[in-house]
Amino acid sequence: MFKIADKTELNQISLTGVRGIVLAGLLIMQPRSLEEIRKAFIELNIMENENSDDILRIDLNTLKIMGCEISRASAKTGFKYVLGKHPFAFKIDDEEIGLLKKAYNQAKTHTDMLGILSYDDLFRKIASRVCEEDKKEALLGISILKRYDIEMLKDLLLDCSQGRTLNLVYKKPSSTSEESKEVVAQKLVFQNDKVYLYGFDLEKKDSVVLLVNRIKSILSRKLEKVELEQNATKIRFTMEASSFTELKDGEVILDSQDGTFVVEGNYHNDFLAMQRVLSLGSKCVVTEPVEFKNAIITKLKEMRDSYGN
């Protein structure tokens, strides 16, 4: 905040007006006691030390006249004044929130994890400037990260960028028990409205994909680099051009003829490769390697059999 060195610098600006602006700012940031307001005014040189608290009460009433709702300082509020609705609040209606949600749902599929975190931060900032609780909840509810630990996600992004080894506790989707894992963090991915950690399991010596919301805790981190013998899953498939919407990370179009694309994809492991192929439906045909093609055929037969006749 500013500090007035000499009150004569105010010229035509009313000192009462300055205190009103500062007081509004103080209460917007957080509830304040009369003593906290007095201390801030004195430090900013907009109030004399010997002035009575009546001046502060006049300033509070001035804000109320301007349309601010300020609660009484009582034991219930910790003897602090709490600012409710005020004319300086950011105003947004239900239709505008709906448009934000629609735009977000379209944009989130075309961005990375850093972008998803940026959107979440934007919604939190807008919500913090809105007074109505239902509007706050609606804005915070837009983000797909509303049930995630944001600090954990930021830490995991840093872990991946530095290739750290994490000792973590994980709960499998198919189990009620928890298990410890030692995983080299490689990539944080947002996919199908979920956040995944791609890594390398040092015990199993294999690639692993973990649902972040099932990571219960991270017990420790090791900064030293680990040498890995890791192979990506590489496949080729054909796809009708009219049905192919977009390439995913690690995919390239090798050829295009007769309305068909030949695509080569590099995936973190077999599970993700199979998930990608199955998501493309019957218009996608795996051509190589033969082992993976056979695995797809077996999977499709199992899916068919699971539905019976």
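Some ground rules first. The model is predicted, so local features need pLDDT of at least 70, side-chain atom pairs count only at pLDDT 80 or more, and totals for chains, interfaces and linings use all residues. Residues are numbered from 1 along each chain as its sequence is written, and side-chain values use heavy atoms, with hydrogens and water left out.

Two strands pair if DSSP finds at least two bridges between them.

Let's start with the open sheet. In what order do its 4 strands stand? The order is β7-β8-β6-β9, and the pairing is antiparallel. Strands β7 (251-257) and β9 (284-288) are at the edges. Each has a single partner strand, so one side of each has no neighbour in the sheet. From one strand to the next, the twist averages 25 degrees. For angles, axes are lines fitted to C-alpha atoms, for helices over the stretch in contact, and values run from 0 to 180 degrees between N-to-C directions.

Look at β6 (residues 233-240). It is joined to β9 by 4 bridges, and the two run antiparallel. Arg236 stands opposite Glu288 in β9.

Now the helices on this sheet. Helix α8 packs on it and touches β6, β7, β8 (260-267) and β9. Touching means contact, that is, heavy atoms within 4.5 Å. The direction of α8 makes about 5 degrees with that of β6. Helix α9 lies across β6 and β9, at about 145 degrees to β9.

These two helices also meet each other. The axes of α8 (residues 270-279) and α9 (residues 290-306) come within 11 Å and cross at roughly 65 degrees. Which residues of α8 make the contact? They are Asp270, Ala273, Met274, Val277 and Leu278. From α9 come Phe292, Ala295, Ile296, Lys299, Leu300 and Met303. The contact has 9 nonpolar residues, no polar ones and 2 charged. In this count, Ala, Val, Leu, Ile, Met, Phe, Trp, Tyr, Cys and Pro are nonpolar, Asp, Glu, Lys and Arg are charged, and the others, Gly among them, are polar.

Most residues other than glycine have a negative phi, and most peptide bonds are trans. Yet the bond from Glu288 to Pro289 is cis, with omega near 0 degrees. Pro289 sits in the loop between β9 and α9.

Next, strand β3 (residues 194-201). Is it buried or exposed? Of its 8 residues, 7 are buried, so the rest of the structure largely encloses it. Buried means under 20% relative accessible area, exposed over 50%, and partly exposed in between, with a 1.4 Å probe and protein chains only.

On to the cores. A nonpolar core is a set of buried Ala, Val, Leu, Ile, Met, Phe, Trp, Tyr and Cys residues joined through side-chain atoms within 4.5 Å. The largest has 40 residues, and Leu145, Leu153 and Leu197 have the most contacts inside it. α5 gives the most, with 6 residues. Leu197 is in contact with residues including Leu156, Ala185, Val208 and Ile215.

A second, separate core of 20 residues includes Phe41, Met47, Tyr81 and Leu83. Met47 lies in the loop between α2 (34-43) and α3 (54-65). Met47 is buried, with a relative accessible area of 3%. Beyond its neighbours within four places in sequence, Met47 contacts Arg38, Phe41, Ile42, Ser52 and Leu56.

In that loop between α2 and α3 we also find Asn45. Its phi is positive, about 65 degrees, although Asn45 is not a glycine.

Last stop: Asp258, in the loop between β7 and β8. Its phi is near 55 degrees, again positive. Asp258 is exposed, with a relative accessible area of 78%.
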